[in-house]
Amino acid sequence: MILDVKGVDVNYGKVAAVRNVSFSVSKGSIVALIGANGAGKSTILKTISGLEPCNAGEISFQGQRINGLSPQEIVKQGISHVPEGRRLFPEMTVGENLSMGAYLRKWGGDTKNDLDAIFEYFPVLKQRIRQKAGSLSGGEQQMVAIGRALMSSPKLLLLDEPSTGLSPIMSQTIAKIIRVINEKQVSILLVEQNANLALTIADSGYVLETGSVVLEGNAQQLLKDEAVKSAYLGI
Amino acid sequence: MEWSLLAQGGLNGVMLGVNYALIALGLTLIFGILGIVNFTHGEMYMLGGYVAYYFFGHFGLNFFATLALSAVLVGALGVILEKFIFRPLTKRPKLELTSLIAAVGLAWVFQMLAIIAFGDLDKNVPSAFKGILRMSGVVITVERLATIIIGLCLVVLLNVFLLKSKTGMTIRAVAQDKEAAALQGVSVDRITALTFGIGCGLAAISGALIAPIFGISPNMGGEVILKAFLVVILGGMGSVPGAMLGGLVLGFVESFGCLFFSVPTVMVLTFSIIILILILKPKGLLGHA
Ligand SMILES: Nc1ncnc2c1ncn2[C@@H]1O[C@H](COP(=O)(O)OP(=O)(O)OP(=O)(O)O)[C@@H](O)[C@H]1O
Ligand SMILES: [Mg+2]
């Protein structure tokens with residue numbers, strides 16, 4: 001297991017957002033986390049990357065406990081988080097956004113290779129390199145957000161709703177790239193409202209309802225599950 | 001009106017404008033990153049003036065070394081203020097007003113401490129540059145010319161730092177999205193403290209730079225903070241190019257105004273022009289919508 005989440009609670013003030021959540025991501029896999037608005041998906045990702053403290057439970061990465069570490073230390077260990085809504089630096093160029101992703105690394109051969117790989121995934125970004133990130137289309141912005149996260153050369157990528165606001169075709173493109181990234185030994189925890197898309201590319205999945213895991217299993221099984229179908233696939 | 005008088009007014013306008021821009025740049029950087037108006041900014045400017053008075057005027061330190069020293073000393077003070085006063089206040093949501101009041105109170109404390117420590121009389125700082133330049137009827141002291149050049153160099157340096165260096169890029173990133181910056185591995189607290197220090201250091205340098213020309217007093221920061229605040233709003237809150245443009249506009253309006261009208265009339269004129277600009281462009285000249 002590259003990531004192990006055990007019995008985690010997260011509260012915002014007195015309000016419990018996540019309750020006793022446990023799940024794991026095995027090395028090299030794609031795990032989907034699906035659930036309705038407000039289920040606590042983003043909160044879980046923020047807790048893993050150290051933006052929110054967890055009130056109970058334990059999160060371990062490659063067998064080492066990481067809850068309680070700062071976001072900086074967690075990035076250093078190899079976790080990269082693409083936040084909901086992309087959260088680019090809008091007044092900065094695409095190139096600057098990408099180099100911010102490599103903030104903790106020395107610029108050199110390795111980072112240049114990573115940058116080339118990103119341009120291979122998203123050729124359009126090469127033409128946009130000097131353009132302000134805020135002026136890009138939604139799909140291009142998502143590409144920059146994923147590229148920025150890859151610039152830290154992560155072992156685990158946390159993706160929060162990468163398909164939101166994108167056209168079906170653009171969503172498919174992003175989904176394809178997620179698989180390509182995964183084939184290069186990057187484990188992926190994918191949060192989606194688009195359960196169909198997420199479960200199609202994932203190996204396993206967890207369904208979250210009001211802060212708790214209510215269903216888990218193999219992605220193919222979940223796609224066929226009657227309860228999942230009616231609640232999240234609109235079938 | 002003779003053209004030489006206009007040229008004179010223009011040069012004075014540039015000098016005032018560069019000085020306002022320097023102070024406003026610090027203020028706008030701090031606003032951009034902390035979301036608060038640093039009302040102690042004028043006092044950092046005043047302290048810069050006193051550093052020049054003691055270290056350059058009394059101890060005979062080289063003027064350029066004095067400028068650097070003022071930035072370092074007052075910059076360090078800024079880092080301490082940020083860490084122990086502003087950070088605890090801004091960390092709690094919905095306390096913007098509280099931190100504003102804390103800053104205003106702190107400004108008073110610094111002014112009163114300055115009166116206690118340095119006395120409340122105006123003081124003169126000797127001129128660092130001697131001589132007069134005459135060019136086709138335009139007379140300018142070397143001192144004023146040097147002040148313009150040093151100020152412009154500082155503005156250019158700050159821009160190069162913000163646009164080209166990794167730390168400068170990180171400051172811009174934190175100003176645009178703290179959480180996203182943290183996710184890239186930035187220690188947001190450290191960058192915030194550094195930015196506060198740089199902003200205060202800039203105010204101190206402009207105070208030290210202008211001290212030989214205007215003299216110093218414990219309350220010299222009061223008027224300047226209002227003008228710097230005006231420049232920041234005029235240029236667009238948080239905008240670096242806006243602070244530079246706003247500074248120059250205010251400098252020119254004041255300087256040329258004084259050629260034709262009395263000082264109170266100029267003040268009325270200045271504020272009317274600024275209010276007019278803000279009615280037309282509520283986000284300031286270069287502010288973002
Ligand atoms: N900063 C916050 N302060 C207080 N409550 C919050 C905060 N962020 C989220 N919450 C609450 O926590 C719960 C979980 O929110 P979260 O954003 O994790 O849900 P989500 O599953 O990501 O939803 P969505 O699909 O809309 O993104 C919600 O009830 C939300 O209102
Ligand atoms: Mg969410």
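**A tour from A:Val207 to chain B**

Select A:Val207 and show its contacts: beyond its sequence neighbours up to four places away, A:Val207 touches A:Ile34, A:Gly35, A:Val213, A:Val214, A:Leu215 and A:Val228. Keep in mind that this is a predicted model.

Now colour by secondary structure. A:Val207 sits in strand 9 of chain A, residues 204-209. Is A:Val207 buried or exposed? A:Val207 counts as buried because 24 C-beta neighbours lie inside 10 Å, and the cut-off for buried is 20 or more. Next, draw a C-alpha to C-alpha distance from A:Val207 to A:Gly217. The pair is 10 residues apart in sequence and 9.1 Å apart in space.

Move to ligand 1. Its shell holds 13 residues, and A:Tyr12, A:Ala17, A:Lys41, A:Ser42 and A:Thr43 come nearest. Two elements of chain A each give two or more residues to this shell: strand 2 (15-25) and helix 1 (41-48). Select helix 1 of chain A; its three residues are the largest share of the shell. Then colour the shell around ligand 1 by class. You get seven polar, four nonpolar and two charged residues.

Switch to chain B. Its cartoon has 11 helices and two strands. Where do the strands fall along the sequence? Trace chain B and you read α-α-α-α-β-β-α-α-α-α-α-α-α.

The C-alpha trace spans about 60 × 50 × 35 Å along its principal axes. The radius of gyration of chain B is 19 Å, which agrees with the value near 19 Å for a compact globule of 289 residues. Colour by burial: 49% of the 289 residues of chain B count as buried. Among contacts with a separation of 6 or more, 76% join residues 24 or more positions apart.

How values were computed:
Residues numbered from 1 in each chain as written. Chains lettered and ligands numbered in written order. Predicted model: local features only at pLDDT ≥ 70, side-chain atom pairs only at ≥ 80, totals over all residues. Helix = DSSP H or I, 4+ residues; strand = E, 2+ residues; numbered from the N terminus. Buried ≥ 20, exposed ≤ 12 C-beta atoms within 10 Å, placed from the backbone. Contact = placed C-beta atoms within 7 Å. Near = placed C-beta within 6 Å. Nonpolar A, V, L, I, M, F, W, Y, C, P; charged D, E, K, R; others polar. Rg over C-alpha atoms; globule rule 2.2 N^0.38 Å.
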